[in-house]
Amino acid sequence: MSVQIEETELISEMRIPDYYLRSDCKSVGDISKAPKYPVIVFINTRSGGQLGKHLLKTYRTILNPFQIFDLDDKAPHQVLNNFLGHLERLKADGDNVATEIRMNLRIIVAGGDGTAGWLLGTVSDLKHPNPPPIATVPLGTGNNLPFSFGWGKKNPGTDRESVKRFLVKVMNAKSMKVDSWQVRMTMRIPAEGPLDPVPLELPHALHMFKRVSQLDELNEEGYHTFCGGFWNYFSLGMDSQVSYAFHSERKLHPRRYRNQFMNQGSYAMIGCSQGWFCASLFHPSSRNIRKLAKVKVEKRQGRWEELLIPNSIRSIVCLNLPSFSGGLNPWGTPSDKKSQERGLTTPYVDDGKLEIVGFRNAWHGFVLLAPHGHGTRLAQAHGVRFEFHQGTTDHVYMRMDGEPWKQPLPKNDDTVIVEISHLGQVTMLVTDNCISKSLHDR
C-alpha cells in the first residue's frame, strides 16, 4: 500500500465505528463494510516527555477518539476485556462486521519498553484465541522492543503527517511469533517475624510480576511465590543498578527527563557515578555474579547443569531479542568455528532459547559498538535458574524489559530462587526493517 494513501482511505481502513467500541451506543448507523485494518491504540502520556500527550491528541483527531486510550486513565486489561467482550456479544448475534473487526484487529502501543511489555503481558493474560498482533511506537529511552521489530528507536514525530505514515506502516506490517518467558521468584516464609517478605519495589509496568495466590498451582507451601514475564531480556547486576538509579532520578525530577538524547547522556553520567565504568575499583567483589548467585541452565530439555561464570562478570543478561541498551546486540554473530566448537545455534526469537551474556563493566559493553563486537557468551538455554544465598549482600538489582527494581536477599540461612522458563508466544507486527529472525524465515 502506498505511503501516499489518501487520508479518507486511511480513516476508512482503520477507524472503528462507535457502535463496535461502546456497549452504550445503540445505533449501528450506516456501516457498509468493516474496516480492513481496525486498530486499538494505547499511549503512555508520561513517556517521551510531552510527546505522549501530543501523540494522543493527534491520534484522536485522525481516528475515532474512542479507539485511542491514555494509559494514565485506563488500564489495558480493562479496555480489552470490555471491547473484546462487546465484540463477542455482537458476533453471537450474527453481526458480520463485528466478526471481521475481531479477526483483523491490531494493537498499537506507544511508550517505552516497559509500557510495551505491559501490553504484551495484558494480551497474554487474556488468553483469547487469535490474540491481536502488536505494533510498538518508540516513545522511551532505549526502545529495544520497537527497534527489534523495525519500528525504529528514535522518538517519533507527533504531527499529523508523521502519525499517518506510521499508520500506513501498521497496515503493511507482517506478523511474527515471539517467545514469552516466565520469571518465577520464590522465597521462604520466615519462621519468626512478619509473614510478608520485605516489600518488592516493582514498577507498575510489570503488572504480571505479582504474588501467586495460595490456590495457584505455582505456589509452593512454606514459600512466597511471585511470577512475572518478559519478552526482550532479564538482567541482574551492575547494569540493572545503573538503570535503577536512572529511573529513581527520573521519578524525583521528571521535568529534567523530557528529551531522549539528554536522557541517554544522563544515563551515562549516572553510570559513571555508580562506578560502572570503573567497576573493579568501586564495585565490591562480593557483587560479582559468581559470588552473588549459583546459576544453572537447561541447555537441553529437562537437563540442568551449573553454569560456570568468570569471576570478573558483574552483569548478566538473558536475551530473547537482538537489541539491548538502545539497539546493541550483546550476543553478536559467532563464527562458524566457534558455533561448532561450543554447540551454538543461530538465535531466533521463536526457538524457545535464551542467549546468556556477561559483562565486566561499561567499557566491556563498548565493544558492542565495534564490528563483530559482543559480550562474554556464556550459554544458550531453554531455562535459567538463579539461587541467591545469605551472606553475600542484602540486595541485588534486577531488570526486565527496561524496568528495574531492587530485590532484597535473605538475611538468614534462606535462599531466594529466580527461575526463567518458556511460556508460550505472542504475536508482534514487524516492518521490512525488522532485525529479529524467525525460524519461519529460513
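## Definition and basis

A polar contact is a pair of N or O atoms within 3.5 Å; within protein, one atom must be able to donate a hydrogen and the other to accept it, and residues adjacent in sequence count only if both atoms belong to side chains.

This is a predicted model, in which local features need pLDDT of at least 70 and side-chain atom pairs count only at pLDDT 80 or more, while totals for chains, interfaces and linings use all residues. Residues are numbered from 1 along each chain as its sequence is written, and side-chain values use heavy atoms, with hydrogens and water left out.

## Residue N144

The side chains of N144 and S323 are joined by a polar contact of 2.9 Å. N144 lies in helix α7 (residues 144-148); helices are DSSP runs of H or I with at least four residues, strands are E runs of at least two, and both are numbered from the N terminus. N144 counts as buried because its relative accessibility is 3%, the cut-off being under 20% relative accessible area (1.4 Å probe, protein chains only).

Beyond its neighbours within four places in sequence, N144 is in contact (heavy atoms within 4.5 Å) with D113, N232, Y233, S323, F324, S325, G326 and G327.

## Overall composition

The protein chain contains 14 helices and 17 strands. Of its 442 residues, 55% count as buried. Among contacts between residues at least 6 apart in sequence, 76% join residues at least 24 apart.

Definitions and conventions: Buried < 20%, exposed > 50% of the residue type's maximum accessible area, 1.4 Å probe, protein only.
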